[in-house]
Amino acid sequence: MEADASLLISAVVSGLLLGGFYAAVSVGVAISFGMLDIVNIAHPAFILLGSYVAFIGNTVFGIDPILSVMITLPAFYLLGMLAYQVYYVAFERRDDQSLRGLSFFFGLLFIAEVGLILVFGVDYRSVQAWYVSGNLNLGVVELPWRLLVPFLLGLAMVGALQIFLARTFIGRAIQAVAQDQQALRLMAADPTKIKRIAFGLSFATAALGGAAMIIIQPIEPSIGREYIGRIFAICVLGGLGSFPGMVIAALTLGVVENITATFFGPSWAPAVSFGVLLITLAVRPSGILGR
Amino acid sequence: MASSLTLSNIVAGYGAVRVLDDVSLSVGAGETVALLGTNGNGKSTLMKSIMGMVRPAAGTITATIDGTSHELVGRSTEEIVDLGVGFVPEGRRLFPKLTVTENLLLGAFRPTARSAIAKNLDFCFETFPRLKERSNQLAGSMSGGEQQMLALARALMSAPRILLIDEPSVGLAPLLVQRTIDKIKELKDGFNLTVLMAEQNFTQAVRIADRGYVIVHGKIAFTGESAEALNNNDLIREFYLGA
Ligand SMILES: Nc1ncnc2c1ncn2[C@@H]1O[C@H](COP(=O)(O)OP(=O)(O)O)[C@@H](O)[C@H]1O
Ligand SMILES: [Mg+2]
């Protein structure tokens, strides 16, 4: 009994930490899908691109994995802008968004993944840093640094973006653009430019999410696929357009998955998380904090 | 400084359908001009042509903002708003999932408006106390009257010099129509605006208009040089009021 309780506590705590990491990889989709209504299923491929940047910075130049990604953030921002611009010219401008737009991102996912395989092969890669091993001992619980650092990174990213979205003119325009593009023009804002900026930010968060991912686990190019369902589930569960909702959903999923894995075995975890999604949506179709 | 608007020989429509046929009109500095006409005569098309949302096939639209003239045809909507032409569109077009305050702050996106944001927000809340009470409510959850107030206030947040208002009375109860029209007059005086207002509600519009045009089937059918001229015109009685 005693042992079960401490097992439960540790499952909850590391589940919360895992949830913070889920927030880190989901926040970009909370922007592109939650705010722009663009289903970028290629997002996880760019998370992995971020992981490989961290890997190269770390193994070739001996730099800290997170710092490696930080240095290349402007490049990811521009890459995101470019991806949106291509999508805009090829699909959105022609009012051809839904189905063929999805095929565009499918193609992008495929190209990015094949590119990563060609360049990096299919071997598992990992990074070295002081926080990849060891624990923070808090007496009652021990927090592994390799979970704690991604957790903090995730919360810092969400917090910074939340402030940006709520307090700046561009941020508010990003929240508004999918609701009524024509009306946004009447605010003197160019909707295409606003979406380009948002997409750039989304890609930049993917890169940082990638640094978090390679800290938590060794990666290989196809690992991103495991995350597509989970990331979209978190965004829908939290309520589209709501960062706080997305974080609550990410933490919930982390905890539920971890408890399930601890007591019933890891293979049950995905089933349970989608169960949580289905039940929540049955009770609250707009998600936890959806507007 | 003076801000005015002049349309000369505007031809505009949708695809092959011609809606506006050689329309010329002007709004002088500090004037409130009513664009009168029943449903489907081209009032909104004219407003959209000014705002760059419908591209005219011929004609010119000149806006003079604080003494500087700009040709509007060929410019994008966001450029035109940025010059200082505000627009309250048909159907209000609020951001339904954003709060009242967020809608108002978006109104001030225009760089020129950002420095005056606190002052203009105060003014809007003073003029529409209801909006202040509801400042954290989602725009989409408000009543029609409140939404119309928010749409007006949001357009004012961009600190426009010329304001176009498309049918502010639509969907409002008679008492609210009267109040909304009074507010437009109040805002116009407070901000020293030049106003062009499209309306079907002749009686209400003429209460605050200095002058007016009657548009029938996309042509200017009558120009009233004063409110009395509009009130006493036989043509209007016959065609417009059906009396
Ligand atoms: N988007 C559109 N596409 C095609 N025809 C339109 C469109 N909008 C309006 N019209 C037509 O243009 C004419 C004038 O409409 P409108 O300018 O909305 O008039 P009003 O605002 O005076 O009611 C109508 O015959 C209407 O059917
Ligand atoms: Mg109309």
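## Salt bridges

A:Arg225 and A:Glu113 form a salt bridge in which the closest N and O atoms are 2.8 Å apart, a salt bridge being a side-chain nitrogen of Lys or Arg within 4 Å of a carboxyl oxygen of Asp or Glu. This pair links distant parts of the chain, with A:Arg225 in helix α9 (residues 225–238) of chain A and A:Glu113 in helix α4 of chain A, 112 residues apart; helices (H or I, at least four residues) and strands (E, at least two) are DSSP runs, numbered from the N terminus. A:Glu113 is buried, with a relative accessible area of 7%, where buried means under 20% relative accessible area, exposed over 50% and partly exposed in between (1.4 Å probe, protein chains only).

The model is predicted, so that local features need pLDDT of at least 70 and side-chain atom pairs count only at pLDDT 80 or more, whereas totals for chains, interfaces and linings use all residues. Residues are numbered from 1 along each chain as its sequence is written, chains are lettered from A and ligands numbered from 1 in the order in which they are written, and side-chain values use heavy atoms, with hydrogens and water left out.

By the salt-bridge rule, the count over all chains comes to 19. A:Lys195 and A:Glu92 meet through their side chains in a salt bridge of 3.1 Å, N to O. Because A:Lys195 lies in helix α8 of chain A and A:Glu92 in the loop between α3 (65–90) and α4 (98–120) of chain A, the pair ties together parts that are 103 residues apart in sequence. Both A:Lys195 and A:Glu92 are buried.

In chain B, the side chains of B:Asp21 and B:Arg18 meet in a salt bridge of 3.6 Å, N to O. B:Asp21 counts as partly exposed at 23% relative accessibility, while B:Arg18 counts as exposed at 57%. A network of salt bridges links B:Arg130, B:Glu133, B:Arg134 and B:Glu146.

## Helix packing

Two helix pairs are set out below; axes are lines fitted to C-alpha atoms, for helices over the stretch in contact, and angles run from 0 to 180 degrees between N-to-C directions.

| Helix pair | Angle | Axis separation |
|---|---|---|
| α5 (residues 117–127) and α7 (residues 144–157) of chain B | about 160 degrees | 10 Å |
| α2 (residues 43–59) and α8 (residues 191–216) of chain A | about 60 degrees | 6 Å |

Angles under 35 degrees count as roughly parallel, over 145 as roughly antiparallel, 65 to 115 as roughly perpendicular and the rest as oblique. The helices α5(B) and α7(B) are therefore roughly antiparallel to each other, and α2(A) and α8(A) are oblique.

## Surface patch

A nonpolar surface patch of about 520 Å² is made by A:Leu7, A:Leu8, A:Phe263, A:Phe264 and A:Trp268. Its members have over 30% relative accessible area and no salt bridge, and patches join like charges within 9 Å and nonpolar side chains (Val, Leu, Ile, Met, Phe, Trp, Tyr) within 5 Å; accessible areas come from the Shrake-Rupley method with a 1.4 Å probe, and for residues only the protein chains shown count as cover. A:Phe263 is found in helix α10 of chain A and is partly exposed, with a relative accessible area of 33%.

## Positive phi angles

B:Asp66, although not a glycine, has a positive phi of about 45 degrees. B:Asp66 lies in the loop between β4 (58–65) and β5 (68–71) of chain B, and is partly exposed at a relative accessible area of 31%. For B:Glu167, phi is near 45 degrees, again positive in a residue other than glycine. B:Glu167 is placed in the loop between β7 (162–166) and α8 (174–191) of chain B, and is buried, with a relative accessible area of 5%.
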